[in-house]
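Here are my notes on this one, as numbered points. Have the structure open while you read.

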Amino acid sequence: MLLKIVLGLCVIWIAISFGKKLILRNKIQRKEKEERLLSTLKQHLDSDTIESKKEILEFDALWKERLSSLLIIDSNIWMNEEHEALFEELEWVMERYLNTIKMSSIQFDHIVNLKHLSDNNPQSTLGQYAFARIEKLQTKGLIDIIPMQVAASEHVDSDVIPFLVEVSKIYPTTTLLSDDKALVVRASQIMNDQSASDFMSIIGADLYSSINNYRENLEFIELGL
């Protein structure tokens, strides 16, 4: 009888001892797995951080000087309702680089004239989009309306090129933001022939994508992830 009790106690002790070892081993395995996962995550984050820093440097190398110099926006960008996100990013990056967008007085007057057309005229709505954006930027000191002595043409976009040529005389780099391919081709040729300024053009969607990616990379780095 006593032997059975002793044997029973031994079995219980062995079971408890084995159970403790099993629990300990499982804890160790879970900890090792968590450490491996954390290590893998850290490697990915380190890789993402390196890539983000690289993209930040690339953006600064291409755009810091340009957006700190002369940026002119074509009317088809100002009047496009779908470019609202672009203007939000532009506002942010121009504040970051402490610069202003340049606009000719002729272009501004044309937009104001469109705004004052009858409400049932679609051009009036476009003028209102553009004017609201200009007004918002002006309240933040992010746009300069420059007097222009060139006679206005019937189509305001035709005045963009003379304005570019004139103001590029005092700016080392000039950038035209436009979705009008024909205007871009004409501007590129004339600027190449008549100006020593480093000229570049870009469409709205591409500039939005570049600024937005730059901003996200900065936020990622600033969060310390």
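1. How many of the eight residues of helix α6 (residues 160-167) are buried? Six are, so α6 is largely enclosed by the rest of the structure. Buried here means under 20% relative accessible area, with over 50% counting as exposed and anything in between as partly exposed (1.4 Å probe, protein chains only). The buried ones are Val-160, Ile-161, Phe-163, Leu-164, Val-165 and Val-167. They pack against β1 (70-73), β2 (101-104), β3 (143-146), β4 (173-177), α7 (181-194) and β5 (198-202), where contact means heavy atoms within 4.5 Å.

2. Some ground rules. This is a predicted model, in which local features need pLDDT of at least 70 and side-chain atom pairs count only at pLDDT 80 or more, while totals for chains, interfaces and linings use all residues. Residues are numbered from 1 along each chain as its sequence is written, and side-chain values use heavy atoms, with hydrogens and water left out.

3. The overall layout: the protein chain has eight helices and five strands, in the order α-β-α-α-β-α-α-β-α-β-α-β-α from the N terminus. These are DSSP runs numbered from the N terminus, helices being H or I of at least four residues and strands E of at least two. Of the 225 residues, 36% count as buried. Among contacts between residues at least 6 apart in sequence, 78% join residues at least 24 apart.

4. Now look at Met-103, in strand β2. Met-103 is buried, with a relative accessible area of 0%. Leaving aside residues up to four places away in sequence, Met-103 touches Trp-78, Phe-108, Ile-111, Ile-134, Ile-143, Asp-144, Ile-145, Ile-146 and Phe-163. That last one, Phe-163, is among the buried residues of α6. The C-alpha atoms of Met-103 and Asp-144 are 6.2 Å apart, though 41 residues separate the two along the chain.

5. On to helix packing. Helix α3 (residues 84-96) and helix α5 (residues 122-139) pack at about 15°, with axes 12 Å apart. That makes α3 roughly parallel to α5, the label for angles under 35 degrees. Glu-84, Phe-87 and Glu-91 of α3 meet Arg-133, Lys-136 and Leu-137 of α5. By class, this contact has two nonpolar, no polar and four charged residues; Leu and Phe count as nonpolar, and Glu, Lys and Arg as charged.

6. Last, α3 itself. Its buried residues include Leu-86, Phe-87, Leu-90 and Trp-92. Just after α3, Leu-98 takes a positive phi of about 55°.

How values were computed. Axes fitted to C-alpha atoms, helices over the stretch in contact; angles between N-to-C directions. Parallel < 35°, antiparallel > 145°, perpendicular 65-115°, else oblique.
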